[in-house]
Each structure stands twice: as C-alpha cells, then as structure tokens.
Amino acid sequence: MQTIVILTCVLSPLVILWLTYKSKVLRQVGSIIVAYIIGCTLGLTGIFPDTDEMHSVQTTVASAAIPFAIPLLLYSADLKSWARLAPSFIKSTIFGLLGCTLAIVVGYMLYGKSDPMLFANIGGMLTGLYTGGNANLASLKIALGVDDTTYILTSAYSTVMSAVYLFFVIIFGKRLLRLFMPDFKDNKDIEDNIVKMENHEEELFFGLFRRDNLKDLGLSLLLTIAIIALGAGVASLFPKSAFQSIFILAISMLAILSSLHPKVRRLKRTFEAGTFFILIFSVAVASQVSLKTLTDVDPSIFLFITVATLGSLLFHVLLSAIFRIDTDTTLTTSISLICSPPFAPVMGSALGNKAVIGPGIAVGLFGYAIGTYMGFGIAYLLQAIGHCSL
C-alpha cells in the first residue's frame, strides 16, 4: 500500500494537468486547487488509510517534493521586483504577527478562564506554530513544560483548522479579498511577474514535456539536485532541531544566487517544473486530512484553536485592508506565517503570481527565527492576563 500511495502522489500531477486541459472550468479553477480537492478526497474517503505509518509516507513524499519545487520556482526570480515589493511585505508581516497575537489573546479571553495556565501554554504554542511552524511548536512544548496529551491535542486540532484555513485561502481567498482590497501591481514588467492562470495551466500541459524543452528541464533538475545536496550539507553542520529552517534557507539562497546567472534565467519551463512538484506536495498534504482527529474533541481547546486560526487571518486582512496592502501580498504572507515557508510557492502557484514566492519564503523564514521567542513571550503575557482576571 505504501508503494501505491507514493506512486499516486508522484503521478497524480499528470492526471491533474490532463483534467485542467480537458475542462475549461477546472482550468480556470487552477491545478493547485484541483490537487487539494483530489488529495482531500483520497483522505476523507479512506482510499488512503488513516494510520500513523501511512501519514509518515505522505509526509515524506511532501517533504521530498518541496526541496525540488523551491529552486525550480526561483530560477526565474527577478530580484529587482523583490526590492519593489519589500515595503509591502514588511508591512504585511507586521500585520500578520499582530493579527496572530490579537486572535490568540481574544481566544484566551473567551475560553481560557477554565484553566488559565493550560490555555496560556496552548496560546504560546499556537503563536510559535502560526508564526513559524511545527519546529517552533515542538520547541515551545519543551520550553513551556507542556505535557504530551496537551501537545498532541493542540497539534491535532491545529492541523484540522489549518486544513480549513488552507482550503479557504487557496480556493476563495483572492476572490473574496479583492472585493475590498487592491489587486497586486508591479508597475515594471508586470506581464513577466504575473502569470495569467489560464495561460499558466496551458503551459503546464503543453510545454513542460515538449521535446525541445527536455534539455533545459534536465539541466534545471541537475542543478536542483546539486543545490539540494549542498543545502543539506550546510544544514547538517547545525543542530538537528534547526535542520529544516537552515535547509530551506540554504536552498532558497542558492537558487536565488543561481538565478543571477543569465544562462539559468534563460532555462525554459523551470516555473512550470516547480509547479509540477508543488502538485505532488499538495496531493500528499491534502490526503492526510481525516475525520478521526475530530472524535473525542475537547470543545474549549478546539474553539480556542479555531478562534486563533481564523482570527489570525481576519485581523491580518483587516489591518492590510486599512493600510491598502494588496491581496496577493496579504495571502502569501499569511500562508507563509501560518503554514510555514514551503507553502509560499503553493500560494504563488495558486495565485498565478511568481513574484510573491521569494518574498513569501523570506517571511516564513523570519517567522521560523522569531516564532519560539514570540510564543514564549505570549505564553507569559496570557498567564499575566489570567492572574489579573482571577
């Protein structure tokens, strides 16, 4: 069964691209969303068994796909456009961190009275999770002395809510936010930076495996393998707990440096090749969704995590709307903070906007760096609030 799961995840992009080619409706929806729908269906229907062993296989496939996707997506990066985008991303990052803090404080005020210390620790872990990722969550478990049961519940419930959040921002996010927020604009070379979704889907299907593109595809894959090997070597020099963040930082930096070479920037279809690996990642992640984690739910903890997750997005969007930050920047920043840096390429592909991928990864890496410290501080802030309310 493990082999079937691996082959399904790896080969599913071929089916997804065929479906989006055949169906005009699915082409407009986009291959990324179709991948999440297919993956979620595989998980919820039980076609992929809901076991720890199988989840480990799915996580491995997802973890293997991202190191290939990030360099391929960044080879065509335009560093000049990043400099123009930096002010908006800095503002959006600040709003994202403020939104997360406000949401967790509100959730604590609503549901933390029954056990102030417990919910303060959960709030601290959620802060680390939603500004950095699972590495920060695990670090804060140890730093705050959280017991295994609370940690497992927090991790399980946040996984469910993160899946809800992820589907919402990918499927409905841009359509909803653009009703009251400005569209993404890069006045210089806008057509190069914003890939029209329909054209992007056609290029994926028609162009990726064309004979005249295979040489460039092979060269880009060889370069990517070399970057992955070098990035892993650099990350191995640091403590094991920091491997993931250092590895992502290293391969991103190496890919950006590679993009400065004209021959690398001229390689054809690298963005589409990266999107192919993002489709593998999307199916593998979405197929882990199951209903088992909703059994024996602790209502207070689950509601607290619900407020923290959805509230983080709500406050972030409100602040961004007030200060006129565009939809693509807001969504990419939000998903990079709440779901971690590897999801920036997912959001960029879903938006059809490769210009936001690099800055989005940078935002997520910044979240990795401060997540543990910020979570530790929020936990003690909530404890102080709890003592004052007694």
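Phe68, Phe276 and Phe277 form one aromatic cluster. Here rings of Phe, Tyr and Trp (its six-membered ring) pair if their centres lie within 6.5 Å; planes under 30 degrees apart are stacked, over 60 edge-to-face, the rest tilted. By this rule there are 8 aromatic pairs. Phenylalanine 168 and phenylalanine 172 make a tilted pair, because their ring centres are 6.2 Å apart and their planes meet at 40°.

This is a predicted model: local features need pLDDT of at least 70, side-chain atom pairs count only at pLDDT 80 or more, and totals for chains, interfaces and linings use all residues. Residues are numbered from 1 along each chain as its sequence is written, and side-chain values use heavy atoms, with hydrogens and water left out.

Helices are DSSP runs (H or I, at least four residues), numbered from the N terminus. Phenylalanine 168 is partly exposed at 33% relative accessibility, and phenylalanine 172 is partly exposed at 48%. Partly exposed lies between buried (under 20%) and exposed (over 50%), with a 1.4 Å probe and protein chains only.

The whole structure holds 3 cavities of 30 Å³ or more. A cavity is a set of points on a 1 Å grid over the protein atoms alone where a 1.4 Å probe fits but cannot get out; lining residues have an atom within 4 Å of a point. H16 gives the most, with 3 residues.

Definitions and conventions: On a 1 Å grid over the protein atoms alone, a cavity is a set of points where a 1.4 Å probe fits but cannot get out, and a pocket is an open set with protein on both sides within 12 Å along at least five of seven lines; lining residues have an atom within 4 Å of a point. Grid points are joined across faces, edges and corners, and a volume is the space filled by probe spheres set on the points. Helices (H or I, at least four residues) and strands (E, at least two) are DSSP runs, numbered from the N terminus.
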